[in-house]
Amino acid sequence: MKALHKLIEERVKPNFTGEGKLKRFWVVFDALETFLFTPGHTTKKGVHVRDGIDLKRTMFLVIVAMVPALLFGTWNIGHQYYLSLGEITTADPWNAMLLDKLIVGAIKVVPLIVVSYATGLGIEFVIAGMNGHAINEGFLVSGMLIPLIMPVDVPLWMVAVATAFAVLIAKEVFGGTGMNILNVALTARAFLFFAYPKQMSGEIWIHDVMASKAGGVLADGYTGATALGHLANTVGQPVSGEVSNGVMAMFADGGMFSLMNCFIGTIPGSVAETSALAALIGAAILIWTGIGSWRIISSFIVGGLVMGVIFNALGLNAYMTIGPVHQIVMGGFMFGAVFMATDPVSAAQTNTGKWVYGFLGGFFSIMIRVFNPAYPEGVMMAILFMNVMAPTIDHYVIEANIRRREKRLAASAAVA
Amino acid sequence: MSTETTTAVEKKESLFSKKNRKLLTDPLDDSNPITVQVLGICSALAITVQVQQAVIMSLAVLFVMIGGNVIVSLMRNIIPDRIRIIVQLVVIASLVIIVDEVLKAYSPDISEKLSVFVGLIITNCIIMGRLEAFALGNKPGPSMLDAVGNAMGYAWILLAVALVREVFGSGAISFPGFGQVKFLPEGWFYANGGFYENNNLMILPPMALITVGVIIWIQRARNRSLIEEN
């Protein structure tokens, strides 16, 4: 390893620095070199003892935390595909046709990841080259999050357009990594949600479900709609009407969207959002390494639970009667709480602010999804909304702190 | 806002002297009412879904601006200073009513689409601003040039935004008298088994804001004199 590093330092690097032949591509070289080797930067002033963890390694740990969700999502795409064809049933063990499932999943997921990274990093490289600064690592995580929150059958060019929009308008316009107001990955999804509503809702959550349906090979009773999509149908219906009872049967024990299935994640949905379990494993990794804020994750979940309890008490339609725990394991709630709300750039910065930010995020997520069936994925809206509110929350937290200390000062001055 | 003041030039100045030509060209770029002064934004965001709306709106603003600037400039010496805003408002409002009635009479469907925004020309800051800043202190000739320049500066931004929004949002440009120009074969659309889909976000108001923002971005990248020092 040392010899390799030496080789690169002595033979490759001079091409890119100073008057080297490839100096125009210095940003590319620098990005790759600091990614692969710990950079030899030393502090110039101030504190000299520093943690070895820099932005690149932080980002990399977040990606590690996403791996369980990614692997499960890949498996689940294949699982849902073969379920829709009727080749397996929900009674089969999880490892039936394991390889086939993973292959189907990989065929769908790998192109999504490639397109997302190619578009996003391409733009980052061009902008870094234009402005003459080193490439920021911010896109490492965004580029992975974007494919994970896409519907399985979304056209790839739409992913590219959305990624380009998010990187340019949500990030580079504000000054690049660390300056963005909105979460980049969620901006990409929100863009798709509003720009191409037909491709972002309906029967797109399962690989090839439309073609299978047209060919008449779809298993009986399999529609491919998500849990939230089914539940949205109950809004405006009487609590125990025909429609509501039909939908609620799927959410009872043994149904397709039973509490257990929603928790494990063997239900249709975006690539990696379905499994609350995988998201919780990711949360454990993030909290253990100290990268994700446990305050945000836990208050986000509490916020969702509180709203769920309030809805239970109201019970105006079947959607509201779903248990609070069931509510928060459905859809992208857990994935959003763990990977989206904790984005250190767009979240609140103060500790008190983080509690408020997380709580309201979870609270609004459930509220939006139940009140407005047109926006089944309330988590996305809620987190983007809270991203916008985060600076305001921080402002009031800091103001309160200043007032408290002024009062203390006045009190101690009075005593003296 | 322009810092033009009454110039006490006694000698006869040609209408298209260098200074007067600048009145025409300045608002197109360096002091564009929308992208630099950020005036008249509401209408620019609201009626740029279709090119035809933008064209009609631009013509309406052009008419009201020329009329307003020339009339106020003619009356500039007899308008009492204290009630000048009300006088300006009366002039603009009368002109807007004329535009509105003409639109209703000759193209009711466009009038319907523009709805309240024709009436709101009265409150368009660009027009009020030019009357205050220019027409009150200048002769009718230069005032007319100033009006044309500013209306054009408003119009080209409107047209640019509308073009982007209609092409990507509707996939075709329709204009009365010219029919509909389609840019893509029907077979490319999802509904017909293709791969393309119109961008619905383009039709929604936020995209107008973003498009104007991108135009400002491009303009500032080209014209460095616009970038503030801080």
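Predicted model: local features only at pLDDT ≥ 70, side-chain atom pairs only at ≥ 80, totals over all residues.
A residue counts as buried here if 20 or more other C-beta atoms lie within 10 Å of its own, as exposed if 12 or fewer do, and as partly exposed in between, with the C-beta atoms placed from the backbone.

Residues are numbered from 1 along each chain as its sequence is written, and chains are lettered from A and ligands numbered from 1 in the order in which they are written.

Let's take the overall make-up. Helices (H or I, at least four residues) and strands (E, at least two) are DSSP runs, numbered from the N terminus. Chain A has 18 helices and zero strands, whereas chain B comes to nine helices and two strands. Walk along the sequence of chain B and you read α-α-α-α-α-α-α-α-β-β-α. Its C-alpha atoms fill a box of roughly 70 × 45 × 30 Å along the principal axes.

Next, contacts: two residues are in contact if their C-beta atoms, placed from the backbone, lie within 7 Å. Among contacts with a separation of 6 or more, residues 24 or more positions apart account for 76% in chain B and 70% in chain A.

Now zoom in on chain B. Helix H3 (residues 51–74) of chain B packs on helix H7 (residues 125–133) of chain B at an angle of about 20°, their axes 10 Å apart. Axes are lines fitted to C-alpha atoms, for helices over the stretch in contact, and angles run from 0 to 180 degrees between N-to-C directions. That angle makes H3(B) roughly parallel to H7(B); the label covers angles under 35 degrees, with over 145 called roughly antiparallel, 65 to 115 roughly perpendicular and the rest oblique. From H3(B), the residues Val64(B), Met65(B), Gly68(B), Asn69(B) and Val72(B) meet Ile127(B), Arg130(B) and Leu131(B) of H7(B). Sorted by class, the residues of this contact of H3(B) with H7(B) are five nonpolar, two polar and one charged. Here Ala, Val, Leu, Ile, Met, Phe, Trp, Tyr, Cys and Pro count as nonpolar, Asp, Glu, Lys and Arg as charged, and the others, Gly among them, as polar.

Staying with H7(B), its buried residues are Ile126(B), Ile127(B), Arg130(B) and Leu131(B). Seen down the axis of H7(B), they fall within an arc of 130°, so they line one face of the helix; the arc is that of the directions from the helix axis to the C-beta atoms. They pack against H3, helix H4 (84–106) and helix H8 (140–170) of chain B.

Over in chain A, look at Ile149(A), in the loop between helix H5 (139–148) and helix H6 (156–171) of chain A. Ile149(A) is buried, with 25 other C-beta atoms within 10 Å. Not counting residues up to four places away in sequence, Ile149(A) touches Ala185(A), Arg189(A), Ser270(A), Glu273(A) and Gly332(A). Gly332(A) sits 183 residues from Ile149(A) in sequence, and 8.2 Å from it in space, C-alpha to C-alpha.

Finally, the two chains meet: eight residues of chain B are in contact with nine residues of chain A.
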